[in-house]
Amino acid sequence: MSTLVLLSFAAGIAAGLFFGEMLAWMSIIGDAFVKLLQMTIIPYIMVSLISSLGHLSYQQAKSLALNVGKLMLVIWSFGLVLMYLIKYTFPDWEAGDFFSLSVLQDPAPVSLLDLYIPANPFFSMSNSYIPAIVLFCVATGIALIGIEDKSALLKPLQLLGDAFNRVTGYIVKLMPLGIFAMTAATAGTMDIAEFQRLQVYFAAHVVMTLILTYWLLPALVAVITPFSYRDLTGIARDALITAFAAGNIFIVLPLLIEHTKALFHKYRIGSEETDDYANVIIPVVFSFPNLGKLLTIVFVLFAAWFAGADLDFVTYLPMAINGLISLFGSVYLTVPMLLDGLQLPSDLFQLYMVSSLFTSRFTSLLAAMNLFILAVGGTAMLAGHARLNLRRLMLYAAATPLVLGAILLGTAALLNKVVDTTYVMDEVVANMTSAESLPDSVVNFQPRELPPTSAPRSLDEIRESGLLRVGYNPLQVPFSFYNADNRLVGLDVEMMNKLARELELELAFIPYGSASVLEDLNRGRFDIVISGLQMTTRRIQYVGFTNPVLTLHYSLVVKDHRADELATNELVRQAGPLTIASVGDYSIIPHIEKGFPNIRFERIESDRQFFEDGGQTWDGLLISLEAGKAWTMLYPEYTTLYNRDEIKSFPVAYVVARNNIELHLFLNSWLELQQSSGYVDTLYNYWILGQNAQPSQPRWSVIKDVLGWVKPPATTPAPSQ
């Protein structure tokens, strides 16, 4: 089977490279295979844990819990801390992203009591609450220990476990097909840059496997037993190699038991007692999470780096502990749960599945060593052969920082040299053009001065002139701004292009200053004013706002290094005097000033003025979350802050002169048409959410780019303005 899986893996890569995106549909087969694998996990956990614990005596259970349990906790603790250190080998990488509606949504609430306490075991099973299921099984298994006539239950449980194993065996026979489908879909669609960054995970996984297998685990047991480092790493070498080659630790359990016995007899401290302990410990601890399984934490760290999220230790520790408990089940349930808990993209799980074809062998190597070390250390403690060796303790304590430092620094240097982490999201924003192609009949004039009329023009007067005058802010990303080609683009610009096209008018975009824009509008300098203007009580007294085009949300933009300093309301109050810049009079400013006496607001002419200041004059910028996300992609050293529990929204609309009733009514009706037709949503998806903002190039493939059997899809060049 391992040979077939490797061949399927190679064939999948070859097929993906040959056919390219034509095989993207095969990801459905991969998803189906994963779901089949998950089918028997929870039932198997229940029957195996209950039957394994039920076979023990109270004395065995107590001794195992006290001795092997302590050693297991020590190994888990050191393992989790060391795994966190691997994040410092990841190259510096900015993963700027567009605004996402998910930031406004609270994550699905999960009750900690429901997660850990099985008040209703069937509810826990139906919701895949693995920690609660494990607690239920452990309690049931321990209760069975004191029941004399328990074979009537244990034998059927063992039969059920065998049946579940057989079902899994049938599903595993489909593994070549599932692996081929997942690999082909991934190889056919994965961008080269994505694969380069995946190398970071491969390197982190391999390095952490070697550190834990050949340093941490043998060192921990060497300082409390008489066994030398050489014997601990050498006597089980054939079992470790077999586990690595087969990618399976179950098949080496008998070997690990025999090697544990052999090690004690080599040191002339072996007996029937130590042999019995070895026979019991390995099958029991096999049901518990090992460091091999815990390496999934490394993938979660990589996923956070890949998605541009900063996972600090305070966030990491509870996540890792939750993952440890969930790993009593399966990585197929744990990884999606951890990704969801950290609000990371769920489709990264597919990446984990494909990458596990490479990493699974290292996972098996570490898991086999973990079981062997637990058996050796646990047997030594139970048999009374465990003594703390101070000389070895001092030796390993002194050598560990040197060994870890050298390995981690070397890995970091290699990854920085190999992996391309060039930031490109600023170029993506700067090169955005249009959510749809514009016909040549619509002309966008370059900004120029036009003599204002003596009064605002009616709709008929605008038609007679053949020219629609639109006032715009040239620095209002993403509503109206100049892209890298010096073209005026943005959501509002595109809306005005469509309006002019439907009215068969030419457009004159005229820049305005925020201080005089409303007066200029009422004097007839513009027919319409755009650029994401917020409706406020003061403004609606002087001009006419259309119905809201969009609803935006407040946020604060600060330098990256000040994000933790200003993360909560309490921290903001403790930060001392703060000067916050704002463009225009946001209606929320009086509320902020009342709640935060240490904040003072200053008006600036444009958002760019704040970013080009470099944090010298202002501590932050009050801006919409949607626009703030776009600006922080252009200036990645800044970040947006928002309080999920207290996010306030405000409407933005287009503006006409105060008494221009005819144009006002027309624009309201026209906006209703654009919203009902889905056109506003199309622009919102492109300019705000960034969908298709980065032009996706057809994936390179042999059939298209080498043999020429398939023609590449035709691309329509973006129109000039």
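**Close-up 1. Glu504 is exposed, with a relative accessible area of 73%.** Exposed here means over 50% relative accessible area, buried under 20% and partly exposed in between (1.4 Å probe, protein chains only). This is a predicted model, in which local features need pLDDT of at least 70, side-chain atom pairs count only at pLDDT 80 or more, and totals for chains, interfaces and linings use all residues. Residues are numbered from 1 along each chain as its sequence is written, and side-chain values use heavy atoms, with hydrogens and water left out. Glu504 sits in the loop between α23 (491-503) and β5 (506-511). Helices (H or I, at least four residues) and strands (E, at least two) are DSSP runs, numbered from the N terminus. The phi of Glu504 is positive, near 60 degrees, in a residue other than glycine.

**Close-up 2. Arg268 lies in the loop between α13 (253-266) and α14 (272-285).** Arg268 is not a glycine, yet its phi is positive, about 60 degrees. Its relative accessibility is 78%, so Arg268 counts as exposed.

**Close-up 3. Helix α16 (residues 296-306) is largely enclosed by the rest of the structure, because 11 of its 11 residues are buried.** Among the buried residues are Phe299, Phe302, Trp305 and Phe306. Gly308 follows α16 and has a positive phi, near 80 degrees.

**Close-up 4. Val477 and Pro478 are joined by a cis peptide bond.** Pro478 belongs to the loop between β2 (475-476) and β3 (480-482).
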